[in-house]
Amino acid sequence: MDETKEPRRTLSDGTQIYPGHRDIIADGPRAGQQQGYVVLAEEERAKGFVRPVRRSYRHLTCGTVTTMGQTLAETYARDPHFYSGTFCCGCGAHFPVGADGQFVWDGTSEKVGT
């Protein structure tokens, strides 16, 4: 098996990635979020996780806790460096993750994306 091959990706609802998936929703309960979010495909996530599956994180700037869907949480657990940013429900915008990022997993001091 070729381990250098890029893992298959889909949108969080399992559908194929389409060009406008990063467009931001202007109104309604999902305002500020993208039309769709890329995740590792189901068969990639089924290979197991290198971190615990955590669904909630806290924005260090505003203190709001955001809870994400299961497929996004499993993608972080399979590949903690998969994303460069994430959404804050309190601010209604995306911000960086990683060692210099603005989020920690809820109930911990561990930075999201590390």
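These legends go with a set of close-up views of one predicted model.

A few ground rules: residues are numbered from 1 along each chain as its sequence is written, and side-chain values use heavy atoms, with hydrogens and water left out. Since this is a predicted model, local features need pLDDT of at least 70 and side-chain atom pairs count only at pLDDT 80 or more, while totals for chains, interfaces and linings use all residues.

**View 1. The largest pocket holds about 630 Å³ of space.** Here, on a 1 Å grid over the protein atoms alone, a pocket is an open set of points with protein on both sides within 12 Å along at least five of seven lines, and lining residues have an atom within 4 Å of a point. Grid points are joined across faces, edges and corners, and the volume is the space filled by probe spheres set on the points. Look for Q34, Y37, V38, L72 and Y83, the closest to the centre among the 30 lining residues. Elements giving two or more residues to the lining are β1 (9-11), β4 (65-67), α2 (70-78) and β5 (85-88), with β5 giving the most, 3 residues. (Helices, H or I with at least four residues, and strands, E with at least two, are DSSP runs numbered from the N terminus.) The lining splits into 12 nonpolar, 14 polar and 4 charged residues.

View 2. The buried ones (under 20% relative accessible area with a 1.4 Å probe, protein chains only) are L72, A73, E74, T75, Y76 and A77. Zoom in on Y76: leaving aside residues up to four places away in sequence, Y76 touches M68, Y83, G85, T86, V97, W105, V112 and G113, where a contact means heavy atoms within 4.5 Å.

**View 3. The largest cavity has a volume of about 50 Å³.** A cavity is a set of points where a 1.4 Å probe fits but cannot get out, and the count comes to 1 cavity of 30 Å³ or more. Y76 turns up again in this lining, together with R51, P52, R54, A77, P80, W105, E110, G113 and T114. By class, that makes 5 nonpolar, 2 polar and 3 charged residues.

**View 4. Y57 and F103 form an edge-to-face aromatic pair.** Rings of Phe, Tyr and Trp (its six-membered ring) pair if their centres lie within 6.5 Å; planes under 30 degrees apart are stacked, over 60 edge-to-face and the rest tilted. This pair sits 5.2 Å centre to centre, with 85 degrees between the planes. Y57 belongs to strand β3 (residues 56-59) and F103 to strand β7, so the pair ties together parts that are 46 residues apart in sequence. Y57 counts as buried because its relative accessibility is 2%, and F103 counts as buried at 1%. A tilted pair, Y76 and Y83, has 4.8 Å centre to centre and 50 degrees between the planes. Ring pairs link Y57, Y76, F82, Y83, F95, F103 and W105 into a cluster.

**View 5. I25 lies in the loop between β1 and β2.** I25 is buried, because its relative accessible area is 15%. Leaving aside residues up to four places away in sequence, I25 touches R30, A31, G32, Q33, Q34 and Q35.

Note on methods. Nonpolar A, V, L, I, M, F, W, Y, C, P; charged D, E, K, R; others polar. Buried < 20%, exposed > 50% of the residue type's maximum accessible area, 1.4 Å probe, protein only.
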